[in-house]
Amino acid sequence: SGYTHYLYGSWLAKGGVTATYYALTTDGQADPTTAHFAAPSDVLTGGTAAATKHLTGGMSATTTTSNAAASPGWGAVGLNGAASDFVIRMSGMYTPNAQTQMYFKGANVATGGNDGDRVKLWIDNKIVIDQWNSLAAVSPTGSYLFDSATGIYDIHAEFLKRLADAASVTYDIEESITALSGYAAIPTTRLYMKEDLSGSPYSVTVST
């Protein structure tokens with residue numbers, strides 16, 4: 001008795017995932033995959049609050065348009081391949097498509113001559129696609145065996161866009177119930193945004 005425990009509370013909102021954008025600083029390192037992350041970029045090129053931190057079109061982001069977020073030190077051009085190396089981090093929760101065995105693809109990664117693109121995907125805190133330090137294939141794939149076809153699981157993806165790659169690319173995590181074919185965007189009806197409850201974590205002292 002007398003021990004203090006901490007309870008973490010959060011809620012899920014169906015309809016998409018959250019996204020964070022980082023411009024990278026290499027600190028003298030030539031390889032962006034080993035670079036340090038700067039502070040997240042939360043301002044659009046027009047100076048307004050970043051409206052694309054909630055991705056409501058699935059796990060998909062186009063690197064120009066409204067989610068080309070700018071931040072102090074990176075100029076008005078925002079995060080596009082002509083200006084800087086940058087990373088998009090997507091996080092949320094995911095429900096499988098009524099199957100326990102699911103297949104995933106990092107769509108449009110390294111297509112169109114963008115050989116420097118990279119992607120990582122975690123599901124249920126386990127790495128499913130790891131093409132960060134090197135790239136074995138265009139639009140790389142991976143699979144995961146779920147313990148429930150109707151459960152809700154953590155999902156997290158990172159995309160690296162390198163300097164001088166094409167200015168406009170739509171990165172997407174796609175899914176399929178069969179290997180090597182039938183990949184499509186994950187419907188927003190099976191994606192959830194996770195938000196912490198105000199005041200979380202809560203401290204509780206246990207007594208007997």
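User: How many salt bridges does the rule give in this predicted model?

Analyst: The count comes to four salt bridges in this predicted model, and one of them joins the side chains of Arg89 and Glu158.

User: What makes the contact of Arg89 and Glu158 a salt bridge?

Analyst: The N to O distance between the two side chains is 2.8 Å, and the rule asks for a side-chain nitrogen of Lys or Arg within 4 Å of a carboxyl oxygen of Asp or Glu, so the pair qualifies. Arg89 lies in strand 7 and Glu158 in strand 12, so the pair ties together parts that are 69 residues apart in sequence.

User: Why is Glu158 called buried?

Analyst: Glu158 has a relative accessibility of 8%, and because buried means under 20%, the word applies. Arg89, by contrast, has a relative accessible area of 23%, which falls between the cut-offs of 20% and 50%, so Arg89 is called partly exposed.

User: How do you know that Glu175 and Arg190 form a salt bridge?

Analyst: Their side chains meet at 2.2 Å, N to O, and this lies within the 4 Å limit, so the pair counts as a salt bridge. Glu175 is in strand 13 while Arg190 is in the loop between strand 14 and strand 15, so the pair ties together parts 15 residues apart in sequence.

User: Is Asn125 buried or exposed, and why?

Analyst: Asn125 has 63% relative accessibility, and exposed means over 50%, so Asn125 counts as exposed. Asn125 lies in the loop between strand 9 and strand 10.

Technical notes
Residues numbered from 1 in each chain as written. Predicted model: local features only at pLDDT ≥ 70, side-chain atom pairs only at ≥ 80, totals over all residues. Heavy atoms only, no water. Helix = DSSP H or I, 4+ residues; strand = E, 2+ residues; numbered from the N terminus. Buried < 20%, exposed > 50% of the residue type's maximum accessible area, 1.4 Å probe, protein only.
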